[in-house]
Every structure is written in C-alpha cells, then in structure tokens.
Amino acid sequence: MKKSLLSLAVSFAVTCSGAAWAQGDATDLEQRIANLEQRLEKAEQVAGDAESKASAFEFHGYARAGLLIDDNLNGATGTGPYMTAAGALGGAVGRLGIEDDNYVEVVLDHNINREDGSWSKYRIMLADSVETNNEWTAADSQLNVRQAFAELGGLESFSGAFTSASIWAGKRFDRDNFDIHFMDTDIVFLSGAGAGIYDVQFSEDWQTNFSVYGRDFGTIDSENLDVENYIVTMNNYFGQWQLMLNAMTAVDNEGRDVTDTSPSKRAENGFHGMLAYHADSFYGVSEGFSKSGVLFGQGLGAELKGIGSNGDLNEDAKATRLFSYGVTRFADNWRIAPALLAEYSQDRVKDGDEFMWATVNVRMAQELTKNFEMVYEGSYQYMDLDNGTEQANGSYYKATVAPTFKLDTSGVFFQRPEIRFAASYVDWSKDLNDYSVSLATDANTMGEGGEFIFAMQMETWF
Amino acid sequence: MKKSLLSLAVSFAVTCSGAAWAQGDATDLEQRIANLEQRLEKAEQVAGDAESKASAFEFHGYARAGLLIDDNLNGATGTGPYMTAAGALGGAVGRLGIEDDNYVEVVLDHNINREDGSWSKYRIMLADSVETNNEWTAADSQLNVRQAFAELGGLESFSGAFTSASIWAGKRFDRDNFDIHFMDTDIVFLSGAGAGIYDVQFSEDWQTNFSVYGRDFGTIDSENLDVENYIVTMNNYFGQWQLMLNAMTAVDNEGRDVTDTSPSKRAENGFHGMLAYHADSFYGVSEGFSKSGVLFGQGLGAELKGIGSNGDLNEDAKATRLFSYGVTRFADNWRIAPALLAEYSQDRVKDGDEFMWATVNVRMAQELTKNFEMVYEGSYQYMDLDNGTEQANGSYYKATVAPTFKLDTSGVFFQRPEIRFAASYVDWSKDLNDYSVSLATDANTMGEGGEFIFAMQMETWF
Amino acid sequence: MKKSLLSLAVSFAVTCSGAAWAQGDATDLEQRIANLEQRLEKAEQVAGDAESKASAFEFHGYARAGLLIDDNLNGATGTGPYMTAAGALGGAVGRLGIEDDNYVEVVLDHNINREDGSWSKYRIMLADSVETNNEWTAADSQLNVRQAFAELGGLESFSGAFTSASIWAGKRFDRDNFDIHFMDTDIVFLSGAGAGIYDVQFSEDWQTNFSVYGRDFGTIDSENLDVENYIVTMNNYFGQWQLMLNAMTAVDNEGRDVTDTSPSKRAENGFHGMLAYHADSFYGVSEGFSKSGVLFGQGLGAELKGIGSNGDLNEDAKATRLFSYGVTRFADNWRIAPALLAEYSQDRVKDGDEFMWATVNVRMAQELTKNFEMVYEGSYQYMDLDNGTEQANGSYYKATVAPTFKLDTSGVFFQRPEIRFAASYVDWSKDLNDYSVSLATDANTMGEGGEFIFAMQMETWF
C-alpha cells in the first residue's frame, strides 16, 4: 500500500499526468473507509451487546477454605474467632490462622440500566459453611439462600430529598453493615426480610436511610403462630458521623417455650442505637482509615451486632459496646491494623447476670517481595462473666505468624485472593476451661488451652 | 463517491503542480486507515470473543421475597394462593399480597451455536422456598435442582416434518406449560425426567410436540421397588388452538402403603386432555391477550394441573376443569386482568367423594406516575366439598390494594422487578373453618377468617 | 491534522484551478477517518471491558439426567457402574445405559489476569445427585459445595525451578486426577482440603507437583475429636511417564467406634503409589490415546482410587490395581474404546479376607449421520470375593445399544452434549445374588439378574 502511494506522489511530482490510474488508489481508500465504517458499525453493536450482557450479569463472592491441624496432628475443633467463653456473647478474637470452616458466598446479580437513568439490581446470595475437609459434604451441607432482594433507583418519579434515593424489598443484609474484618465480626449486622429506602438527602449534610426488617424467633406451637420481630431502622449520616437508631417489637415473644435456660422474662420490645465516626485517616495521624463508636441496646436490642436476631433476651437486658479500629502503613513495607472491641451487659438472660469482655487485636503485614508477605496477629481478650449461677474471669491469648502469598503485596490489607500458611499459639486462664455463658448442661466450654494450631488456607472476595 | 473522486483525479491531471507536499497528507491518511484496519480487526475479534462468551452463558431467574404481617403484628402463617380448603385440590385464589414464602429460581444456561446452524442448550435450575425471614436458612433450606436438561436443534440430519424440530432429554418443566400468573397456578404443569421432541411440523397448520416423562410416587419397601409413573404427552397446535393429550401408567402403584387416608383403590393408569384457545386479543374486544379452555382427566390423570404427579388418586377418579383469563387496557392508565378457574371432581380419593370449587379473580393496575402504580385485586372462591366423610360449602373473599414501584408502569402486567406494599383483607364462611379435604386427623384447616394482612415484597423474573 | 489538510486545500486553491470542490471530498474522507478513529477507540474500550468481564467469569459444568425403566415398567433401582458385589470395592463396570441418578456439577470461576503476567483463579463447584425423577427434590437433595479453592500463578517472586509454578489452597479435586470415563471411575481421585504447588520443573524432563490434603473420617465422640487423615502427595512426570507417591497418617483412627463390621485393627498410616504411562497414540498402533498403569497401596493407602478417603481399612490391608484403556478410530465411521481394570486386595477389612475382581469394557460408536450415531457397550466383570466369613465368585455381563444424538458425530468420544436412548441387558452368576462384601446384616446385595433396562438420558460437560 505504502508503495503505491509513493508511486502516486512521485507521478504527481514528476509529471502530473496520467493520473487516471491514481483514481484506482483513491477509490481504494474510499472503499477501505466504507468497509471500515461497515465493519465498525457491526463491531460496535457486537461489543455493545456483549458489554450489555456482561453488565447485566455480575458474579461476586467470598470464600475461605483450607485445613487446620492441631499439635496432635488432628483436626482442630472448637477454634475460631468465637472460640472463647465470651464468644457466645459476640466476643470475637483475632481470626487469622484459627478459622476451620470452609465458608463460601456466591452472589449473582441481574442488573437493568435504562436510558432514562433508572436502574434495578436483583441479587441472590447462596452461602454454605462446613467443617469437614471431605469433598462430598451433602450430609453436612448448610447451603442456603441468604439474600434475595431487588433495588430500584434513578426513578423519574422521585424528586426533592428523594431524587437520589433507591428503594428495596426482599431479604438482605443491610447496605450499611460494616465489620472489623480482622476479628470476623460485624459492628452491626442487620438482616432479614423487609423493605426500605436508601439515600434520602434531607440537606447537604444529612443523608438518611430507612428500612423495616422482619425476623423469626420460632413458633408458639399450640397455635402454630410465628413469632416475628419487626425492626424499624434509621441510619443518619452527617459528614463522617453515623447515627443509627433501631426500635423493635415481637409481640408474642413471651409466649414461647420456657426452659431452665430461657430468660427470666422474654423481652417483647427493644431499642438499639449506634454512634460511629468514619475517619478517612488513621486517627488523624497517618494515611489509612479508622472507625470508632459506641453501641447501646436494651431488651431485644441488647444483641448489639445481629440487631433483632436474638429472641432469648431478658426484658431488662442492657448492653453497651465500644469499638475502634484502623488501618495504616507505618514503614515502607509494613502495614498495621489495631482493633478494640469491648462490651458490658447485664440482666441479659437472667435477672442479675453480668458480662464483661474486651478484645484487643493487632494485625501487621511485612511485605517481603511483590508476592509474599509475613503477616502477624496478636490477640488478647479479657472476660469477666457471671451468668447468675456461675462466675469466671480470665484472659485469652493468641499469637499467629502467617506466611502469605498474593498477587500484589503492595495493595492494602483487603486485596484478595490470599493463600496463607499460619502457625498460632492459643492459651487462656484455667478458670475459663469449663465455663459457659449458657446455663444448658451440655453447653460447649473452652476446654483446655495451650495449643499450637497450623493452618493452610485460601481467602478471597470479589 | 466514485464520481467525485474521478473528478478529483481529473483535476489533478489537468492542472496539478506543487502537489508534492500533499503526498505527506495522503500517506498520513493511508497510514491512519491501515492503523484503523488493524485495530478494527483486533476489536472485532475481542468483541466476537466477548459476545461468544456472553452468549454461551445466560443467567435467568425468578424471585419473590419479603415480609407478611398479620393484624396482630405477627407472621401471617397459612396464607397464600392455596390457603383455602380447596387449595389441596389445586383451587388457587388471587396471590397478590398474601404470599409469605421467599421463593427463588436460579437458571444457568450453557449454549453452543455452530456455524452449520445447529445449536444446543443446557439448562440447570436451582430453586428454594422458605417461610422464615431470617437470613441464615440452612435449617429450613429447600434448595434443590429442579431442572437439568439439554436440547439439540437445527440438526442437519433432521428433514421433512422434522426440519425445525429440536430434541431434549433430562429433567425439566415441559416447554408448553403455561399459567394464570395472578393466581400462581399453572394451567398445566408437566415435569419430570424423560425425553421428547418439539416443533414437529406435520402441515402448515399443525405443529406437534411429543415427550415421555417419568415421575416417582414412592417405594414399595418390602421389595425396594420404585413406583414410577410414565406419562406420554402430545401437544398439537392448530393455529391458536391447542390440543394436549396425556396417557400414563404406574404399574405397581396399587401395591404402595395403605392407610386410612389412601384411595379406595389406587389408580394405576390415567388419561388427561386439554383443549385450549390462545387468543391474541382480549376476547376479541380489545388489545391484549386471553386464554380459555377445558381440561379433563381420569384415574391418575385426574390431577389436572401437575399432570401425573399425584399417586394418591382413586382408580375411578374423574375431574374437569375450566379456565379463562385475559389481560387488556381499559382506559388510558388502567389495565385489567380477569381470571376464572373452576373444577369439579368425584371419586377422587374415596369412592363417592365429590368436590367442586370455582375461583374468580380480578387484578387491576392504575398507573399514577412513570414508576408508581396502584394495583388492586379482588378474589372470590366458592367451594362445595365432600370427602365422603364430611361436607362443607362456603365462600372465600379477598380484597387487596398494593402500591407498587417499577421501572416503567407503562409496560404490561408482566414487567419486573416490582417492589410492592400491600394490604389485604381475607375472610370466608365459618362452615369452612375446620374443614379439610384430607381425611388425616392432623390435616391443616383454614382456621378462622376475617384478617388483615400487610405485605412488603419484591418480585422479579428475567 | 486539520492544519495540514488546510494547507492542502490552500495549495489546491492557489495552484490547482478547478480543484476547489474536490477539497470537499478530501475533507470528507478526513472527517470520516477521524470519526472512525473516535468510534473505534470507544468500541475497543467497550469490547475490552466486555471481554475482561466475560473472562473474569467462567461457567463450567457436568450433568447427566434422564429416565431409567426396567422391563416391568418400573424404576430401575440399584443399577449403575457400581452395581455388582465388587462395586463396594471400586469394581466399576461399563456405565452406558444403566446410570439412574440425575447428577449435576455447577462450576463458577472468577479469574484475575494482571499485566505483569500474574494470575489467580478462584473456583467453586456445587454438585447434586438424586435418584428421583420428580422436579422438586428438596427432600432428597444432596446439593453441596464440593470445591472451593484459589490458585495463584505467574508470580514474579517465583524463579528457577518454580518459574512456571502455581500454588493453591482450599478444597479441591486434585488437578492430576484422571478417569476411565466409560466406567465412571477415576484412576486416582484425590480430593480434600489443603494446599499445594504445581508445575515445579526440576529439569527439562522432570516436572513435579506437591500437595497436602486433609480428609475427615468421623469423630471420637467422648472427646469430640475430629479424626483427620493427612495425605502428602507427589506427582512426578518424566515425559509420558507419571509416578505418583502418597503417604498418609490419621493418628487417632484406631480410637473410632468398633462394630462387628469394622476392621480387625483400623490402619492409622498408609502408603499409595501409581506408575502410569500416558501414550499419545492408541497403544502405538493407531491414532488416539491410551493410558496404562499399576497402583499399589497398603494400610490407609489400600483404597486405591479415592486416595485416603476410607478410614475403615485394616492395618494390614494391601491392594494392587491394574488399568489400561484407550480410544481410537478403526474404520471410517467407527470409534472404539476398550478398557481393563482389575484389583486384588487382601486383609482389607478383616484379617484373612481376600478380594479379586477384573472388568473388561468395550465401547464402540458407529457414526451414521452428522448428528446420529449408534453406540455399543459390552462389559464383563469377574469377581472372586471372600470377606472372611462368606465367599462368592462369578461373572457379571452387560450389553448395551444406544442410539445417540449430538451436534457432530465426527468429533471424538468426548464431545457433548449427547441425547441418548439405550437398551441394556444385564445378568450375572446366581452365586452372587445374595452376596455382599460388607459384613453388615442389612447390606445391599445384587439381587437377581437377567433384566432389560431402558434409558433416555442427556449428558453434557463444558
């Protein structure tokens, strides 16, 4: 091609005559452009169709799976972030290297985006959690549908404070839930079936979300009556401050079965509140982020994390929880993530019971190569537990070192997938060995401490 | 174009001089076109690959999920389109606002399209249905594989009447099933494992589908013998008329366990037929569509909807069902969908029993804005039931109003997703309160009527 | 660009008289090229995004589903490739036409490909297997998560022998498992939770894979102690030779429940080895492939297929297995796939027991049209079984003819989907009728032979 153009130019320069054959080249260019236009039109359509199909469907997920081995070369049972006596109260410790379950979440989304700017998202989530290492787990399978909801947004009919609002209905995890990843604990985990509205903008600085959730506590068999707990929730964002308020009622909760372990008088109402500060720096001293706050609940609201999920709370239950955690880089190849979570509750199940626990956890990562880092976690929990019948107090300790592979260690703490190997040592005060928060005679206890645990595990989310 | 280029060439030939530097531009154009061609080739390939991958995979689904609350602020149990005494006979009522289950279907397709025009589709469907509002439903999970089948079509080896035919095998819902959406009832719901052929064209006006389905009724334990029901089905389409014929046999059905509630003599054979008219207008009077027809069955065929799915039918069972429903627009912003479904059966389980029920349902939608409509549903069912031991007759009433959000209310009744809120009042004749079609002593009854039910729910399909 | 074109136009205007209108055409070409360039840039981006999304997600699967009917027109129970008395020992026979289960695998992958050449793959597999033909299978559902693992490869930090290596962790089927498809039996099927490294290249001719897998055998209830079996595996490839070595230990296995049917003394250790030759021709005589080899195992390693999956093996158990199979074309429209699998084991469960079985299977396909072929399978198994208490020996015979539809019969044996109809005759020596390898009094036996089985089935993988 270049050659014939050169010829064309030369023929122009030298003679400017006999240009009739040059017409062929011009026609050729013209023809090639016309061909390009046609092909491009088709390619645009194909690309658009493909993009539209690929956008309509989204695949997301979470998984952790692997192997935990104790120092007797056996399966490490009873381990995990809720392994302490305070675990039954939501008292998590650091998770690194001690989670034995193979847990997966499969999220399938179907999106519609219309030209008028309106959109919908339908999401379904399947999840499973098993302890067995075997590959056929039908007998242990917990596979279930955890979420199925639809959202509508960008609606022309919404205006004023509602211009940017979206509405939802179905069964879901609330959009505003957030967690301390390192302890596998949500700060708030509100979920259930219901409906709500997000992103109502009352003023430039005040954004609000409202929802109603229902949850089930079980049945009153004599009348085959479902006892449901209805939770009205409101989240208010004022800049970096979040104020969450929840009120709930389960009108027939007291009528449920009474056993030795059930509450003195089952609560039928509850209140729950959280004030949180979401900082976009590490406590104002370095890059990263930090989140701190306080939660309070009474009655059915005294289950501070899984809001409204616990029907076995006493009418007079009161609980307060503090949290603070953050993530930053403190040297060229070092990251750190300290976390604090502490709770005090009383009259929780039986009148007069009193529970206090506090966890401090620190995770650090030392980036050694592009694909390899050493991760360290130290975790300490103090417990002072009195279920009204028995008392125990003491401490839990965990130290973990975890050689970790990933695609890029220069990313943040939250880049996945990770393939990690871990060695942990866990121990606790002897006083806690046989203690259980539950009054049930067959309740699990911590057993004896002083154990090494070895792990090989993958973790991913996307 | 060619013409003007020719002129250009001619003008060069006649006058040109000093055109040498123009060569740079021509080369530049040429180069840009060559670049474009190369880039386009790659883009076409990438787009093609992406489209091919996006077409090979398809994601489809159905879901309804949300919250039902009764007027005592508790879970509304026992509600739904089959909540009446006639529900056990397939006597559905209007579904709007009274469905409590969280029901999902996840459909994943894998398609192959070959250059010779042949194609295959593999489909798998997972489904789940739970009543609980909680998000971890492992204990209640019904998650199961409802369909797994493959279809082959466009086969070169097929000719004549079979030119357009496709064949299938596996487990599936028959392709020709259709429903009255508003009452959550299929007119016919044929399903099971088997094989068949669709779209055989015997003449211009006669198109036929054949299949064989197997279903299980349970086992005869002493011999560990599966009792299976084999159904031969044929669907004939003559223009808008459909004639469906089904014959079935379950040779050892009579040998199954005998209890007080089992049939006088279990049927081992059955026949089922349907004549239907699919109109592409609303009964010839306005735009929309309507479908009307009659079903008849005897023996194992007396289960008129779930063809061949019921092994507890009497040898002499006879049943006839009428249906008619349609959808149209009757004013600028109003849509209406009336439906009628009625059945008479006798000697169904016990010799001498006799059941009659008839449902009339009307759903209307009033489009108020682009994204909001009020939906109304009135439902009435008359029942006259005699199970051979006890008789009852009476009526069921339901009235529902449902504020509904969607992306575009100007669509038809079947545009989804919808997010709806609903208030319903249901009541029925006192005579029906304690009546059950089943002779089992612990069979569910309707209980007492006169109840308000509130709902918030999403529904989607895609 | 515009500037030089302007110059071109001016030069035309100055020196080329009568060329003025031609300028319009040049500008037009220029403009069209510029438009094309802009559009192409966008199309490239859209195509790239779509391709990237479509590559990030992959959908794979396997399914077989359909209907099996015996000659009494009932469900054919107890059939399948493991239907003989030797089936409990892994003694498979030919599968064609006798598999009654509806079995599905759903594989969802999430891939990341980074510009530095590193990549990750996350895979989750759901699977289900039910016998029922009904479409709502919640009561029988076996739906479970069989795999959930992540792989990382192309890591910059890997060099030398590890340059091409990838690492994995999670729960998986080992990558090096391979099977005799026609008998639905893996030669080795190693699976479980763990971690490993693939594609370590010690020399040009020596490639090695290492992994550690854990499996569960059950619990010792008094201490709530998981008994886990840890398997260290190494696969070495020297050209077409494969040497697999496995060592395993389950330190507390002997402490599990003792019953009449449990081993004389449960093994707590095991060794397993396989030497295999993967030929890229049909035994050197024609095109196709063939695989042959020998397996040996003792103690926990005496389960030769499902390595380390059986905790009920005797301390002195010893087993040897031979296999050989291949696939070739022996005439224009004929394919053949012969297979041999034989095992001898002793002291397997009880001291002194002794089991021998050998299966010969031949599958042939006769391509009749582009979309239709007749498939034939003959299967013979000899068994000589002595569980220490009872002895039996005899033979099993199966002959199957299967008219089969597919998109292209000229493909290999492994092109899918297939829709097949099959008629089989199975029979066996009377001596085997009531024999069971298991000592349990309620163990399944073969029952009486001499039966026709009819099948309609789909099978696919992708």
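This is a predicted model: local features need pLDDT of at least 70, side-chain atom pairs count only at pLDDT 80 or more; totals for chains, interfaces and linings use all residues.
Of the residues of chain A, A:Ala47 comes closest to the rotation axis, with its C-alpha at 2.7 Å. What is this axis? Show chains A and B together: turning chain A by 120°, with 0.0 Å of shift along the axis, superposes it on chain B with an RMSD of 0.1 Å. That is the relation of a three-fold axis.

Next, select A:Glu51. Which helix holds A:Glu51? You will find this residue in helix α2 of chain A, which covers residues 22-56. Is A:Glu51 buried or exposed? Its relative accessible area is 17%, so A:Glu51 is buried, since buried means under 20%. Now colour chain C and look around the residue: A:Glu51 touches C:Val46, C:Asp49, C:Ala50 and C:Lys53.

For the last stop, move to chain B and select residues 318-331, which make up strand β14. To see one pairing, pick B:Leu295, whose bridge partner in β14(B) is B:Arg321.

Select B:Lys318 and you can find B:Gln346 of β15(B) standing opposite. Finally, follow the chain from β14(B) into β15(B): the pair forms a hairpin, with two residues between the strands.

Conventions. Residues are numbered from 1 along each chain as its sequence is written. Chains are lettered from A and ligands numbered from 1 in the order in which they are written. Side-chain values use heavy atoms; hydrogens and water are left out. Helices (H or I, at least four residues) and strands (E, at least two) are DSSP runs, numbered from the N terminus. Buried means under 20% relative accessible area, exposed over 50%, partly exposed in between (1.4 Å probe, protein chains only). Contact means heavy atoms within 4.5 Å. Copies are superposed by least squares on the C-alpha atoms of residues with pLDDT of at least 70 in both. Two strands pair if DSSP finds at least two bridges between them. Lists of a residue's contacts leave out its neighbours within four places in sequence.
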